[in-house]
Amino acid sequence: MAEKDKRTYVKVHDGLPDHPKIIEAGGEAGWLYICGLAYASRQLTDGVIPKRLVPRLTDGSKPEASASALLRVGLWHEGVHDCSRCPQPGPEAYVIHDYLDHQRSASEVADLRAKRSAAGQRGGRRSGESRRAAAKPEANDEALASHLVKQNGSKTEAETETETEVKEKNSRTPAEPDDSPIRHDVERVCKHLATVIEKGGTRRPAVTKKWRTDIRLLIDKDGVTAEQAIAAIDWAHASDFWQAHILSPAKLRAKYETLRRQAVAEQRKQRPVGPQTAPHDTSAMTDEEKKRALKFG
């Protein structure tokens, strides 16, 4: 089935080409008016159009002259105007006259999208329930067949695979219970990452249960110490590329080995080459480079 159209639309009555204001403004101005409606709807601006974008809205030969024509006939306003029905965005913008009388506002579009999303989730749940209900008879038949096989003292290949899966599942690192005591090494890494992200100009993220779980797995399952994790965070956020990517423990865990390898390569480039150079000699590095150096390398 084809996916439902999620685009937004503007309403234009079929008499627009013959409207006196459009005729007076001219064809190029009329096209700019249509392009302005589409821009405001797409960007959810409630009819506000930045002046600097006008030349990009139309392929007309004189976009500024077309804008002036729309102002002259009253289809657009300057950003500061005397129309009580339209917003007042300021001198750096134009306003489409009576936009909200005919088009959806930004809040209406947001409500519509939320309703569509909720309806899609409800439909997905119903579809899942239908699939599970349809699968029950088949599952019951399989369970009965398995029971009969066990009574005969034999095991099928499917049962062997199931036992293997159970063993693998039991060997995995168990999830941390909700009432487990605070782990200071986990908290230290989480808080350090949050602080580094905040210093980079982003709003400080909250340390969530998932953050703690990912750091705990990094330490307990991957064998990375808290000091190595903190060093990796510092190195990543000193990189123009990696600082935009390592913004969560999950991403740190996924990219840790890549960060470690790049850090090692960077250290090798910074160390002088010679028989006297020890494998982990940092004497040729600056203080800042030593500070970021990759205890994790």
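Trp76 stands opposite Ile96 in strand β3, and strands β2 and β3 pair in the antiparallel sense over 3 bridges, where two strands are said to pair if DSSP finds at least two bridges between them. The strands and helices named here are DSSP runs, numbered from the N terminus, with at least four residues of type H or I for a helix and at least two of type E for a strand. This is a predicted model, in which local features need pLDDT of at least 70 and side-chain atom pairs count only at pLDDT 80 or more, while totals for chains, interfaces and linings use all residues. Residues are numbered from 1 along each chain as its sequence is written, and side-chain values use heavy atoms, with hydrogens and water left out.

## The sheet

The pairing of β2 with β3 belongs to an open sheet of 3 strands, arranged in the order β1-β3-β2 with antiparallel pairing. Its edge strands, each of which pairs on one side only, are β1 (48-50) and β2 (76-78). On average, and with direction ignored, neighbouring strands of this sheet are turned by 30° against each other; angles run from 0 to 180 degrees between N-to-C directions, and axes are lines fitted to C-alpha atoms, for helices over the stretch in contact. Strand β1 pairs with strand β3 (residues 93-96) in the antiparallel sense over 3 bridges, and within this pairing of strands Val48 stands opposite Val95 in β3. Helix α4 (residues 63-73) packs on the sheet, where the helix touches β2 and β3, and its direction makes about 95° with that of β2; contact here means heavy atoms within 4.5 Å.

From β3, Ala93 and Val95 point one way and Tyr94 and Ile96 the other way, and all are buried. A residue is called buried under 20% relative accessible area, exposed over 50%, and partly exposed in between, using a 1.4 Å probe and protein chains only.

Leu37 and Ile96 are 59 residues apart in sequence, yet their C-alpha atoms are 7.7 Å apart in space. When neighbours within four places in sequence are left aside, Leu37 is in contact with Val10, Val12, Ile96, Tyr99 and Gln103.

The loop between α2 and β1 holds Leu44, and Asp46 lies in that loop as well. Leu44 has a positive phi although it is not a glycine, and Asp46, a residue other than glycine, likewise has a positive value.

| Residue | Relative accessibility | Class |
|---|---|---|
| Leu37 | 3% | buried |
| Leu44 | 29% | partly exposed |
| Asp46 | 24% | partly exposed |
| His237 | 15% | buried |

The phi angle is about 55° for Leu44 and near 60° for Asp46.

## Two packed helices

Two packed helices are described by the angle between their axes and the distance between the axes. The axes of helix α8 (residues 184-199) and helix α10 (residues 226-237) come within 9 Å and cross at roughly 10°. That makes α8 roughly parallel to α10, because angles under 35 degrees count as roughly parallel, over 145 as roughly antiparallel, 65 to 115 as roughly perpendicular and the rest as oblique. On the α8 side the contact is made by Asp185, Arg188, Val189, His192, Leu193, Val196 and Ile197, and on the α10 side by Ala226, Glu227, Ala229, Ile230, Ile233, Asp234 and His237. By class, this contact has 8 nonpolar, 2 polar and 4 charged residues, where Ala, Val, Leu, Ile, Met, Phe, Trp, Tyr, Cys and Pro count as nonpolar, Asp, Glu, Lys and Arg as charged, and the others, Gly among them, as polar.

His237 lies in helix α10, and its side chain reaches the backbone oxygen of Ile246 at 2.8 Å. Leaving aside neighbours within four places in sequence, His237 is in contact with Leu193, Val196, Ile197, Gln243, Ile246 and Leu247.

## The whole chain

The protein chain has 12 helices and 3 strands, and of its 297 residues 29% count as buried.

Key:
Polar contact = N/O pair within 3.5 Å; in protein donor to acceptor, adjacent residues only side chain to side chain.
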